[in-house]
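Please open the model in your viewer and keep the sequence panel beside it. The stops below say what to select next and what is there.

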Amino acid sequence: MSRIMPLRATLVFIAAFLFGCGRPDSDSIRLTGWIASPIEENLTRTFIDTFEQRHPGLPVRYEPITANYMDKLLLMLATGTAPDVVMIEAFWIPLLVEYDVLLPLDGFLARDPGFFPDDFEPMLLDAFRSNGALYGLPKDYSTLALYFNPAMFDEAGLAEPPRTWEEFAEYARRLTRDTDGDGSVDQYGYSHAEDLEYSLPFVWQNRGEYLDAQGRAAFGEPAFAEALGFLQRMKTDGIAVMPSDVGAAWNMDAFGRRRVAMAISGLWAANFLNETHAGTPYRTALLPAGKKAASVAFVAGYAVPKRTRNPDRAWQLLRYLTGREGGRIWVKSDVGLPARRSIALESKIERDPLKRVFLQSLDHARIWQFRVNQRVLDETQSALQAIFLTGAAVQPTLDDLKRRVERGGRFHADVRGHESQSRSGPPR
Amino acid sequence: MSEAMSRKAGPGRPADMPERHREAWAAFFFLSPGLVVLSLFVFGPLVFIFVVAFFDWNLFRPEQHFLGVANFVELTGDELFFTALRNTTVYVLGVVPAQTLLALLLALAVNQNIPARGFFRAAFYIPAITSSVVTSIIFLWIYSKPGLLNYVLSQFGIVGPDWIGSPKYALGAIMALNVWSTSGYFMVAFLAGLQSIPASLYEAARIDGASPWARFRHITVPGLKPTLFFVVTLGIIGSFQVFDQIYMMSAGGPVNATTTLSYFIYNSAFRYFRFGYAAAAAVVLFAVILLVTRMQRKIVRPEAP
């Protein structure tokens with residue numbers, strides 16, 4: 001008998017250890033999110049402290065995911081191990097609704113008169129709606145705007161940022177210079193990023209679409225190709241570069257290293273410039289417009305997984321995270337603008353020379369959100385790499401992309417038999 | 001385990017039965033943590049792959065539809081799958097001979113009585129025990145446009161490209177990294193092989209007046225055959241499974257230039273949530289590795305002559 005005892009003790013220990021791994025104290029509300037910046041992280045911690053002070057008996061357990069956020073969150077949602085409240089980009093709402101892993105929030109809103117959902121920018125709230133039900137609440141957002149280097153503009157004799165495509169190309173030409181006189185160009189007009197979201201404003205400005213109203217591929221249409229052609233020509237003309245051409249990690253890195261005079265990005269880039277390239281002067285302006293003005297809006301918010309153990313407690317945290325009081329904490333964020341109008345007014349975003357540009361861009365912005373298979377987006381990314389990195393001809397590359405993704409027969413859904421149910425096309 | 005047990009529990013000692021039993025139980029007890037972990041995380045999933053491959057398996061849905069061979073049929077029409085297959089083939093054909101040859105040369109070199117032999121042995125082996133994530137990040141710096149490699153090239157007046165950012169060079173650059181990181185490991189294998197060749201053979205050959213080349217050709221090479229088989233087999237399997245460096249450095253891009261089979265499988269499962277389809281691709285990869293290993297068994301016989 002006595003020889004068995006250590007065995008039993010060992011087993012008990014191992015069992016306790018294994019259970020301890022997966023089972024957090026059941027009292028606390030689990031919250032997850034990505035970490036966009038050190039300021040964001042501090043705000044989240046402040047936020048949790050404030051929440052816990054106001055809600056004794058509702059402890060919060062913060063479990064941030066530091067890398068590959070969606071890879072990990074999707075697996076957690078699929079296996080029912082996701083935290084009670086999850087930070088989520090509006091981009092993923094169509095897919096997650098299709099997978100049926102999010103809790104509709106309409107019931108909570110109806111029972112909670114003090115929450116004021118009408119205070120949200122309507123388009124940001126709609127980004128979390130699908131088939132009439134609400135699956136998340138917006139926290140903050142950023143649109144894309146044009147960053148430009150005022151010192152370089154001065155040197156080139158330019159006073160104002162470009163307002164049209166023509167001015168954009170013309171200014172880029174004047175800003176492309178050999179600054180040290182060694183015979184090779186070392187300052188370019190513009191740095192483009194090959195990701196879809198940075199070409200989309202130009203596509204939309206040209207009245208083109210990525211997907212049509214029925215959610216079918218529209219990237220084979222001439223308007224799409226024209227916009228990409230315009231951008232590709234700037235590169236072949238030697239007035240625009242890809243970040244890697246100048247040894248930069250991404251387009252704002254090229255801007256920060258003073259290798260380019262203009263680049264497109266969101267509010268988060270200001271934080272990056274201040275921290276990493278503090279010596280580089282910058283200002284922001286609305287994107288130059290084509291046939292019409294257009295920009296992309298990235299919306300971040302919070303949602304509650306369907307399989308949460310305690311929806312009511314999750315709602316308590318969610319309503320605080322996205323409520324007015326929470327909004328007053330988030331407003332100090334350097335990666336996004338407040339989703340609530342009252343907070344934007346209160347904090348005088350209109351008068352902030354940097355932030356107001358991103359606010360104004362919202363008037364003509366569309367949400368970064370597509371109801372399309374991730375594989376299609378990855379194939380699109382490869383096609384854009386071919387166009388912008390290897391100089392492949394635009395129209396044939398897009399035709400080939402259309403053929404590839406349509407042949408797969410799984411354009412929208414990851415699951416067979418769901419093609420016919422495609423309903424929501426692009427936002428708005 | 002089996003050796004120890006069979007020695008004690010040989011057929012000629014029936015009287016030991018109870019003790020033998022007890023020892024077997026003890027052995028299994030001590031092995032059980034390893035066995036449980038292995039079955040749970042290796043053998044189980046391995047067998048499960050062959051089931052999942054015939055289903056439309058999406059983690060988000062409770063029901064899984066049996067598809068028969070539909071996943072395999074779909075693979076035959078998937079251009080990306082063939083791109084991955086082609087990239088993987090190029091990778092294996094490039095990396096395996098290069099790493100084997102380099103490992104052999106390194107082993108021959110550090111097997112000589114050269115000064116600082118211990119230092120060189122350790123230096124060549126360090127890449128093998130360094131985390132692949134770390135080496136990937138170091139090589140991202142070496143390969144970047146303003147990186148170390150291009151700096152060296154610029155000393156010779158060559159303007160180097162952005163190695164990982166260019167579809168033309170990305171795969172080759174990652175192949176070179178892998179040749180560098182694995183040859184140290186295989187060097188140790190060759191070194192062990194070299195040292196197991198009896199010195200008396202070399203002595204006898206020298207007395208018979210055999211040239212260094214003849215000694216290498218007729219003593220070293222045949223003596224290394226079992227090691228060579230081991231190195232080539234592990235090299236082929238490892239190369240077919242290349243993933244970490246691709247995931248860290250290029251994410252399969254640019255323009256799918258570095259999408260290998262294992263990366264394709266990973267994406268199909270964990271990005272597109274098509275576990276059945278991914279499993280089908282994994283079965284194909286398994287079949288390819290099995291076939292190639294068998295073929296190479298015919299070419300490089302493991303037994304010493």
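**The nonpolar core**

Start by selecting Val85(A), Ala172(A), Leu317(A) and Ala281(B), which touch the most other members of the largest nonpolar core, a set of 184 residues. A nonpolar core here is a set of buried Ala, Val, Leu, Ile, Met, Phe, Trp, Tyr and Cys residues joined through C-beta atoms within 7 Å, and a residue is buried if 20 or more other C-beta atoms lie within 10 Å of its own, exposed if 12 or fewer, and partly exposed in between, with C-beta atoms placed from the backbone. Next, colour helix α4 (residues 79–111) of chain B, from which the largest share of this core comes, 13 residues. Helices (H or I, at least four residues) and strands (E, at least two) are DSSP runs, numbered from the N terminus.

Before going on, note that this is a predicted model, in which local features need pLDDT of at least 70 and side-chain atom pairs count only at pLDDT 80 or more, whereas totals for chains, interfaces and linings use all residues. Residues are numbered from 1 along each chain as its sequence is written, and chains are lettered from A and ligands numbered from 1 in the order in which they are written.

Which residues are in contact with Leu317(A), leaving aside its neighbours within four places in sequence? Select Ile29(A), Leu31(A), Phe51(A), Val60(A) and Val85(A) to see them; two residues are in contact if their C-beta atoms, placed from the backbone, lie within 7 Å.

**Chain A and its strands**

Now show chain A as a cartoon, where there are 18 helices and 14 strands, and where buried residues make up 46% of the 428 residues. Zoom to strand β8 (residues 188–191) of chain A, which pairs in the parallel sense with strand β10 (residues 260–265) of chain A over three bridges, and also in the parallel sense with strand β9 (residues 240–241) of chain A over two bridges. Two strands pair if DSSP finds at least two bridges between them.

**Two domains of chain A**

Colour domain 1 (24–143 + 298–367) and domain 2 (145–296 + 372–421) of chain A separately; these bounds come from an automatic or database domain assignment. Their centres, taken over C-alpha atoms, are separated by 29 Å, and 19 residues of domain 1 are in contact with 15 residues of domain 2. On the domain 1 side, the elements that give two or more residues are β6 (137–143), α16 (355–361) and β14 (365–367) of chain A, and α16(A) gives the most, with five residues.

Turn to chain B, which has 14 helices and two strands, and in which buried residues make up 32% of the 305 residues. Its C-alpha atoms fill a box of roughly 75 × 70 × 35 Å, taken along the principal axes.

Finally, display both chains: 20 residues of chain A are in contact with 22 residues of chain B. On the chain A side, select α3 (69–78), α17 (374–389) and α18 (394–408), the elements that give two or more residues, with the largest share, six residues, coming from α17(A).
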